[in-house]
Structure formats: C-alpha cells, structure tokens
Amino acid sequence: MANEQPFLKSHFRDFYLKNDMPLVPEIEKREFGIGAYGKKIVRRHLAFDSARELKDFLVVNVPLYVSVSVGYYSNSHARTMNAKGWSGADLIFEFDADDLPTNCKEKHDFWECPSCKAKGHGLKKACTECGSKTLVEMWFCDECLQAAKDDTFKLVDDFLKADFGFSSKDISINASGNRGYHIYTRNKAVRELNKDAIIELSNYVTAKGLDPQFHRLRFQGRVLHGPKTSLLGWSGRLSRAVQSYLREVDPEVFAADFGFGIRKARTLLGDRGRLIAGVDRGYWDQFKLKNLDSVASAWERIAARAAVTSSAEIDTQVTVDVKKLMRLPGSLHGSTGLVAAQVSNLESFDPLKDTIAFKSGSVKVSIKRAPEFRLGDEVFGPFQNASIELPTAAAVFLIARGAAVLAE
Amino acid sequence: MFSAEDLQFAYKYPFSKEAAKIVKSLDVSLDDVPEDLFSRAEGVVFSLAKGNKVNLALPDSSSSAVRDFLSRLVLARIIVGSSDSEVLKSRFSTAISTFSFSFLSKEVNLLDVALAFLETVDISENKDYSCKIGLNEFLKYPLRINELRLVNNDVSGGFVYLTKDRLALFLRNLGFWLTYNSFARSYKGVPKKFAASAKAAKEFTYSSTATFKLKPGTKFQPELMCSCMLELYKKLSEGLLPSHYGNVAIATFLLSLGVPEEDVVQLYKRSPKFNEGTARYQLRFLAGKMEGSTKYSAPSCRKMEAWGLCLKDPLCQKLRHPLSHYAVKAGWKKPGAKGGSSGK
C-alpha cells in the first residue's frame, strides 16, 4: 500500500476541503475517534468545540475513518471514560447487509481456509473441508442493500413510530458508507433512558425473550385462545402474523406443524377464511384435536416463528452500547470511499449512487479479484487479475477495499 | 392530621409519598427508640438475613397499629441501610413489595392507586386494556420479571398498555425499586446500637449466602462453565479475540470465580494481538483494582442475552447466572436452590 495510502489520503483531503460535515447535535459534548488503513479506531478521546474545529482537524489529519459517540459527555475532552461524565445517549440501530440472510452472498462473497487452503463462494465462516475458521471477503450488491433497507423501513414504521411513538423529526437515517444503515433517534425522552431501558427497547425490536403466553396465548377451559388482531404492539402483530401463516401455509407444512394427516390438513385449509376470521377474534385453535398439549406447543412454535419474521434484525450490540463510536454522518468510509450520507427519503435513496463522493476523473488500477458491482449507473467487473482504467469512485472503492492497487 | 384512609394507604404501600409524610410526622428520635420497638424492627431484619419470610400483616388496622407498623419499618430500614449489604437491601425491598402486592392484586380501583405513583398513567382508550403508561416511565426502573419485560407487553404510540393484573405486577416492581432506592443515602452517624445490629445482620447474611468462588488451591475446570462462557473461553484458547462484550463477559466471569489474574493473562497471551501491559491494565480495571474504577461483576444470563452472547443452553432453564451454572455443575449448589456456598 505504499502508493495507495497517499492516493486515498489525497482524495479524502480534497473531499473534506470541499465539503462541510452535517451538523453534529451538541458537538461539544461528543467524543470522536479516528482510524487508519485497516483499523477503524486507532485514536479516540478526541473532542471538538465546533464544526469548524472538526473540519480543520479532518483536513489536516485526513483520517480514513471518523467516528462520533452516540453518548453525550459533560467533559468530552477528558482522557478516560470515567472522567468524561456520561449524561445520556442517542438511541441507535444498525442494519448490516452481512447479518441478513440473502442469496446474493453466494454470488459476491468469497471464503478461504487459512489451514487447508480450501476456498469457495459465499459467506462461510467455517471451512467446509476441515471446519477451521475461514477468512471471508464480503461484498455487497443491490439485493443485500435492499434487504437492509427493507429492515430499516420495518424498524422505523412498525417499531419507532407505531410502537414507541417517535415522530419523523426525532428520527434520522444514515447510510453507513459500507453495507448498511444507521438509524438515530434523538429527543429529550431518549436522553433520559438508562442502559436497562435501552436493552428493553432493543429486545422489543428483535423479539428477544418474547413469550407468547404473556401475549394471551393460553387455554380457557379446553379451548386455546390467542391474541386478537385488534390488540396493540406485539400481541396484535403475532395475531396478524398467524393470519398470514394460515393464508399462505402449504397443507404439507400445516400437517407437519400440527401432526395432522395430510387429508385433514387439506380439509381444514379448504376453509382458510373461517380459520383466519377465528384468529381475528382470538380463537386460534379451531381444529378440535384431542391432544391439547401438542396443539398448544404447535401454536407456540408458530407464534415464535411469527415473532422472528415480524422483528427487525438489528445489531443488538450496537444499540445497547451507549458509549459507542459510530461513523460520523457525512464522513467518508475508509473501506469504500463512499459517504456515510444522510438519507432524506429512504424510498428513493440509492445507497450505491447517492453515497458517491468522487464524481469526476479516472484512475488506472490493477485488480486482484472483485465480483461484479454497481456504482452509480455503471456496472463493473467481475475482475480477476485485470488492469483497467476506472472512474475515480470505482477505483477508490476497490483500493480502499484492498482489492486493487494503482497500476504502474 | 391524617385521615384513616391516608393511614390505610400508607400501611398498604409503605414506599408511597403518603407513607413518607406520616413517618415524618411521627418524629421518631433514633437516640430514644423504645427497646420493644427496636427489637421488633431487629426481628424483621434478622428474619430477612436468615432468608425467612416476614409476616408484616397487622392484627388490626387501627391508626395506632399503623403508626407502630410504619415506625418499625423505618427502624428496620435504617438497620438494613446501615448494613450496606446489597442482599439484605434486596430482600427488604422484596418483602415490602410482596406485602403490597397482596393488596394491589385485590384493589378495586387499582388505577387510583397507580395515580399516586405514576405521572403518565391513564385509562386505556382500547377496551382490551385497563390502562396505559408512558414508555419512559415504564422503563424508568429495571423490569425484574419476564412478564413485565417490554417485549412481553403491548406498546403503541409511546405508551405501554396493561391489563389490571399486569398493572398490579408493575406496581409491585415499582414498589421494589422505590424501597431499594430509599437506601441511597448516607447512614453515617446512626446511633451505635443501629450500627451494631446492622453489622451483625450483614455478617449473618454473608454467612448464609457465600458467593460462588473457587477456594484457594482449587483448580478451575473450564468444562463446568455454561456453553456461552465456554464458547468465549474456547475462542481465547484458540488465540481468537471475542467481541468487546465477549471479552468483558469472560474476563469478569473468570475474575469473579476467583481464577487468578495471572492465569487469565496467560489465556489472553495466545492472541496474536496480545499486549501484556494493556491486558493487565484492563483486567485490573474490571477487577476494580485501578484508581477510580469500580469492580465489574460477571454478567447475568439476561445481560448475556442482551449482549448477543447467550447460546440458549437447555441446561440453563432454571439458572439465571453463569456463575450459578458453574456452581451447580461443580456441586456447590443444588439446581433451583437460592443460596450458594463456596467451592470446596
């Protein structure tokens, strides 16, 4: 990386010279951290009293990664966490395309086993030959970024707004500049939340610890009742998810779930409308089976599955860490050269276009290996030991990812 | 003057502001406490220290009986507070909140009771629920039972909607914390007999609830750990570093169990990123041995779950702490038993 680091630094400096960062609310109460090539945090405990001071620092030092604390501190300049005086935090959520199960990973990710040298496509964390921990090269595409966007919608609409009652002005969304989105919620009430409260909110969103019995799934006499659709929050959500199950389930799966014969399953599902209407009113079990325990456990399993599908797969470790440093909105991501851009309209936001920082010029690079990828309106690759002139954004992207070097 | 209704309310809910006002009016002088009253208060504390249930019910509800009851509780609270024993404080708070729950569960106008404690409680507009409470107020104190956890309640528009039964449970939880937090004051300078009684109660509590710790010379056996901790331990043994929370979890677990710092350092030495100075600094920080640092305890199962480190070991069904898991497997503790004893 002898030439590549100065190349990246020069482009990053140019970007920070020409662009102002979006305002960080209460910047003087935040901790900042910076990173260098291959390491996202090499120095923390930095503090700035104004946006101007921050900008000057970025232009002079040109870090490849810039992070800002979600926490607020009464003495952000202090060198130890204890002395900083934590006084609350933003509530944050992160979606990373890596964590979402999508088929595209077979197309664009690579793994290699450092022990037995086996290799292949896909996101395999253990070697298929010897079981050792693999080295994985993760990429992203429209499909997995769309999955992250879908989950962001689910989080914002179903949980943050509908359940927690946040308004649009309390919520801001940022592209991470890499594989996902960061969602920030800020208001006075959020600042008053303690760590236990944040863990409760995180578990609520992920349905961790959800017990259907506490959502009215219980016997009344010999009849099993479940939550009605008119109920609020998770109870109503479970009920509606069970209705979807009854609407879509195949007779074979239905039979296996409840231990029916296939003929009985077909007969029951012949009148799906009646079953769905029953759930609407809280009558979940309309099968008149003798083994009540097995019916109850079947419904519990289905409700638990429904909870998983209705939940949002946030990175919980990010949410519960009230002192975490997150990518500074508006800054460049050192692993991609893309901007951690603020998203004003999630529907129309294109994470592979609206995050491009370097829009002019071209650079000749030697590429070791890269899958097909899109940036802006152009599709590049796949590449294998290729030497090619690329638009600056694509060249920076590959160099920052360590997949290319500047051509001689 | 307080009405009979005020006195009844204070009797049923000794953690209420009404009870505090009445206690203040009693003008109890700690230097001049009648011997009989003091010994009854001591009786409450020692029952708790032994882990016994305390019967707080009064034979009659006359105003003098209620005043006597409140005086007894105040003195008991001072003894518990002076003991500085977390176990005793927790048991006292549980006893009070359980006592109040016996009334809460029968209250006809439970919402009126709730209004005395909560600012944001209101009647629910949805007839499937009895009331709603603002989300922040609901989350103000840790929720100690699964039924109360946010994910097991219905939340909409920034409010948590509760049935009457769930509201009673919520108020019990609130009663626990209001009582527990009432200990957050200085007990320096209490009369000698309170301090002596507190010291005795603390020693008694300690002897009945020794922590799960390896006795010096006892060998640490990794296979006795729960699968979550074992996974982290294996990672370290293979020279891989767990996540930040994984590191905190395994390090505090080993230190809490009494594994010597040197052995923990040796474990971290296998990582290619190992830096002895940093590792020792961090371990001492977690152990509360650095200036200004507080001792970090090993995370409970609930915290492990929140940190994404819980592997849902079926053996853990009735255990709530990785240290309990080790203690059960090591035979120091019977499954389901409350107390514990140290390693043989």
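With which side chain does the side chain of A:K84 make a polar contact? The partner is the side chain of A:H45, at 3.2 Å; a polar contact is a pair of N or O atoms within 3.5 Å, where within protein one must be able to donate a hydrogen and the other to accept it, and residues adjacent in sequence count only if both atoms are side-chain atoms. This is a predicted model, in which local features need pLDDT of at least 70 and side-chain atom pairs count only at pLDDT 80 or more, while totals for chains, interfaces and linings use all residues. Residues are numbered from 1 along each chain as its sequence is written, chains are lettered from A and ligands numbered from 1 in the order in which they are written, and side-chain values use heavy atoms, with hydrogens and water left out.

**Chain A overall**
- Chain A contains 14 helices and 20 strands; these are DSSP runs numbered from the N terminus (helices: H or I, at least four residues; strands: E, at least two).
- The C-alpha trace of chain A spans about 75 × 50 × 40 Å along its principal axes.
- Of the 408 residues in chain A, 54% are buried (buried is under 20% relative accessible area, exposed over 50%, partly exposed in between, with a 1.4 Å probe and protein chains only).
- Among contacts in chain A with a separation of 6 or more, 65% join residues 24 or more positions apart; contact means heavy atoms within 4.5 Å.

- A:K84 belongs to helix α3 (residues 81–84) of chain A.
- A:K84 is buried but has no salt bridge, and the nearest side chain of opposite charge, A:E31, is 4.5 Å away.
- A salt bridge requires a side-chain nitrogen of Lys or Arg within 4 Å of a carboxyl oxygen of Asp or Glu; Lys and Arg count as positive and Asp and Glu as negative, with His and the chain ends not counted.
- Beyond neighbours within four places in sequence, the contacts of A:K84 include A:E31, A:H45 and A:Y73.

**Strand β3 of chain A**
- Strand β3 (residues 65–69) of chain A is largely enclosed by the rest of the structure, because 5 of its 5 residues are buried.
- A:Y65, A:S67 and A:S69 point one way from β3(A), whereas A:V66 and A:V68 point the other way.
- Strand β1 (residues 32–36) of chain A is joined to β3(A) by 4 bridges and runs antiparallel to it (two strands pair if DSSP finds at least two bridges between them); A:G33 stands opposite A:S67.
- Strand β14 (residues 325–327) of chain A also pairs with β3(A) in the antiparallel sense, over 3 bridges, and A:V68 stands opposite A:M326.

**An open sheet in chain A**
- An open sheet of 3 strands has the order β8-β7-β9 in chain A, with antiparallel pairing.
- Its edge strands, β8 (119–121) and β9 (135–137) of chain A, each pair on one side only.
- Strand β7 (residues 110–112) of chain A pairs with β9(A) over 3 bridges, and A:F110 stands opposite A:E137.

**B:C316 and helix α15 of chain B**
- B:C316 lies in the loop between α14 (301–306) and α15 (322–330) of chain B.
- B:C316 counts as buried because its relative accessibility is 14%.
- Beyond neighbours within four places in sequence, B:C316 is in contact with B:C226 and B:H325.
- Helix α15(B) is mostly covered, with 7 of its 9 residues buried, including B:H325.
- The cover over the buried residues of α15(B) includes α10 (227–237), α11 (244–257) and α14 of chain B.
- Just after α15(B), B:G331 takes a positive phi of about 80 degrees.
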